[in-house]
Structures are given as C-alpha cells and as structure tokens.
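These are my notebook entries on one structure.

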Amino acid sequence: MKKRVLMTVAMAGIMTTVMFAAECSAAETEEKDVLRVGMECAYAPFNWTQDSDTTPDGSTAVPIYNSDYYAYGYDVAVAQMLADEMGMELEVHKVEWSSIGISMDAGDYDCIIAGMGRTAEREMSYSFTEPYYYRDNCIVVKKDGDYSDVKTLSDLAGTGCKVTTQLGTGWVPLLDQIEGAETGANYETTSECFMAISNGVADVCIVDLPTAQSALLTNDDLQIITLDESDTFTGDDEMVNVCIATRKDDTELRDKLQDAMDAIGWDDKEKMDELMNSVIDQQPAAN
C-alpha cells in the first residue's frame, strides 16, 4: 500500500513537471511576435514562388502562409534579416498586386515588403520606412526588333509603338510620355508584360532594371534599353525608392522596422546591390 502511494506521488510529480514545461514552451511561443508580410511572390527578383525551401546557393526560402510553396527573392531575404533583428518569426502572405494594400488594411498582414515604390499618392494611404533598395528604370523591347536601336525617349516619339507596364504601379503615368504611342492593356504581373513583348502584343515595356535583368535569364528574345539620361522619362524618381509600407496609423511597426534597418546598416547601396546581384541567379526557371 505504501509503495503504491509513493508511486502515485511520483507520477503526480512527473505530470506536474511535464505540464509546467509545456506551459513554459507555449508561453515562449506566444511571446515571440510574428512579422506578417504581404508580397506578390511573383515579382522576380524581388520575390517569387518556388517548390522547395532552399535555393541553389543554399539560402533558405520561407514557407508561404497557408500553402505548400515557398517564397524567396530580395524582399524575402531583407524581411528575414529584419525579423531576425527584431526577434520575430517571419510569415509571408502571397497576394495579388492589385489588392496588396486592401489586404493589409483588412488585417491579413501588417506590412508590405514587395518592391513597392514610395510615391506621394501612396503616402496618403500608408506609412513608409526609408528605402531598402534603390533601383533604376529601363524599357524592354524585342531583341532585333523595330525598337532595338532606341537610345532616347525622343527615338520612340511618333513611332506608334504599343506600350505596356504593370497595373497599379508608378510606371503607368510614364506611358503617356511616349509621344504618339498606342496605350493598350497593362498587366497584373511583370511576367505577363514580358510575354506581351515576346508575342508582339506590345512593343515597349517600362519596368525596373533588376526585374528586366531577371526576365532576360529565361527570355533570350528580349532586350533591355537604359535610355540616355539627357532624354528619358521625367517624374519617375518616386519609383526609384523602394520602401516598406505599413498601415497609415501603424507608425509603431514602421518605426520598429526602421530601427531594425538602421541596426543592420541597411542604408548602404553597396550592400543592397550585392544582395540583389546574388538573388537574381537563385530564381527558378519558371519565374
């Protein structure tokens, strides 16, 4: 009888220890905040979708929330560095570009790290950090096509070229600066824009240089043209500054992200370019 009582007491002690450890573990999990980030996962080299959790150079891709796929690219790498600096878990949410702001306002995620340019119009709706990337713009045309020798904006004037870009971006207003151009359909993704150039549906696509360089890795019928600085688009300076966006009233998270950027020294263009150059070669062929 005495032995049975001792065994019962011992078991009770073990159970108490196990329950206490489980509660501590749960508390630790709950205490670690989650950085919920929205991005297209379809805008290489800034962000893309892939099947595995690793890249060719051994970098770790991040699971896409509520899916069996993973995300990587410049945005993901920066988001992971910031999450690590803030002691947070990174959670990537895949969303269509056309609804990326609406979904953040609805509370689906808390910030946008998606190659978004900080424009005056967007600053009316969102709070922004300082830039986490500086990019140059360019045009993409068909290699050996009618516009492959273009060097200036004036070279396109009066040609009646068909122009396109991605919907909902700061490049859309630039289309009107090509005098006499035919403005047709714009597209949800840059991949569709490049396909339009390849298929002859469009002649000229306005886009950023890294995205164009990424496209040329798998589309050898395309050509990048960086227009001469003396005769190029005007008013595109806003699109150069790629920043993190939070909800307009969530200045606390914006400041926390900015502090993390400052802590890791993410205001150095050389660091930015080095990371961008490294991720461009990591994307799957499907992107």
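Entry 1: after helix 5. I began at glycine 200, which follows helix 5 and has a positive phi, near 80°. I note here that the model is predicted.

Entry 2: helix 5 and its cover. I then asked which residues of helix 5 (residues 190–199) are buried. I found Thr190, Cys193, Phe194, Ala196, Ile197 and Ser198. Their cover includes strand 8 (137–142), strand 9 (162–164), strand 11 (204–208), helix 6 (209–216) and strand 12 (222–225).

Entry 3: I traced an open sheet of five strands in the order 10-9-11-8-12, with mixed pairing. Strand 10 (182–183) and strand 12 are the edge strands, each pairing on one side only. I examined strand 8 and strand 11, and they pair in the antiparallel sense over four bridges. Asparagine 137 stands opposite aspartate 208 of strand 11.

I looked up two helices against this sheet. Helix 5 lies across strand 8, strand 9, strand 11 and strand 12, and runs at about 150° to strand 11. Helix 6 lies across strand 8, strand 11 and strand 12, and its angle to strand 11 is about 115°.

Entry 4: I found another open sheet of five strands, here in the order 5-1-6-13-7, and its pairing is mixed. Its edge strands are strand 5 (89–94) and strand 7, each of which pairs on one side only. Helix 2 packs on this sheet and touches strand 1 (34–39), strand 5, strand 7 and strand 13; the direction of helix 2 makes about 165° with that of strand 1.

Entry 5: strand 13. Is strand 13 (residues 241–247) mostly covered or mostly open? I recorded it as mostly covered, with six of its seven residues buried. I followed its pairing on both neighbours. Strand 6 (residues 111–112) runs antiparallel to strand 13 and is joined to it by two bridges. Strand 7 (residues 126–134) also runs antiparallel to strand 13, with six bridges between them. Alanine 245 of strand 13 stands opposite isoleucine 112 and opposite phenylalanine 128. Asparagine 241 of strand 13 is the bridge partner of tyrosine 134.

Entry 6: helix 2 against helix 9. I looked up how the axes of helix 2 (residues 74–86) and helix 9 (residues 269–280) are placed: they come within 9 Å and cross at roughly 125°. Helix 2 is therefore oblique to helix 9. The contact is made by Tyr74, Ala77, Val78 and Met81 on helix 2, and by Met272, Leu275, Met276 and Val279 on helix 9. The crossing in which helix 2 passes helix 9 is right-handed.

Entry 7: the largest nonpolar core. I asked which of its 83 residues touch the most other members. These are Leu35, Tyr74, Tyr132, Ile139 and Ile178. Helix 2 gives the largest share of this core, eight residues. In soluble globular proteins, nonpolar side chains tend to be buried together.

Setting aside its neighbours within four places in sequence, I listed its contacts as Val150, Leu156, Val204, Cys205, Ile206, Gln223, Ile224, Ile225, Leu227 and Phe233.

How values were computed
Residues numbered from 1 in each chain as written. Predicted model: local features only at pLDDT ≥ 70, side-chain atom pairs only at ≥ 80, totals over all residues. Heavy atoms only, no water. Buried < 20%, exposed > 50% of the residue type's maximum accessible area, 1.4 Å probe, protein only. Pairing = 2+ DSSP bridges. Core = buried A, V, L, I, M, F, W, Y, C linked by side-chain atoms within 4.5 Å. Contact = heavy atoms within 4.5 Å. Axes fitted to C-alpha atoms, helices over the stretch in contact; angles between N-to-C directions. Parallel < 35°, antiparallel > 145°, perpendicular 65-115°, else oblique. Left-handed = near helix turned anticlockwise from the far one by under 90°.
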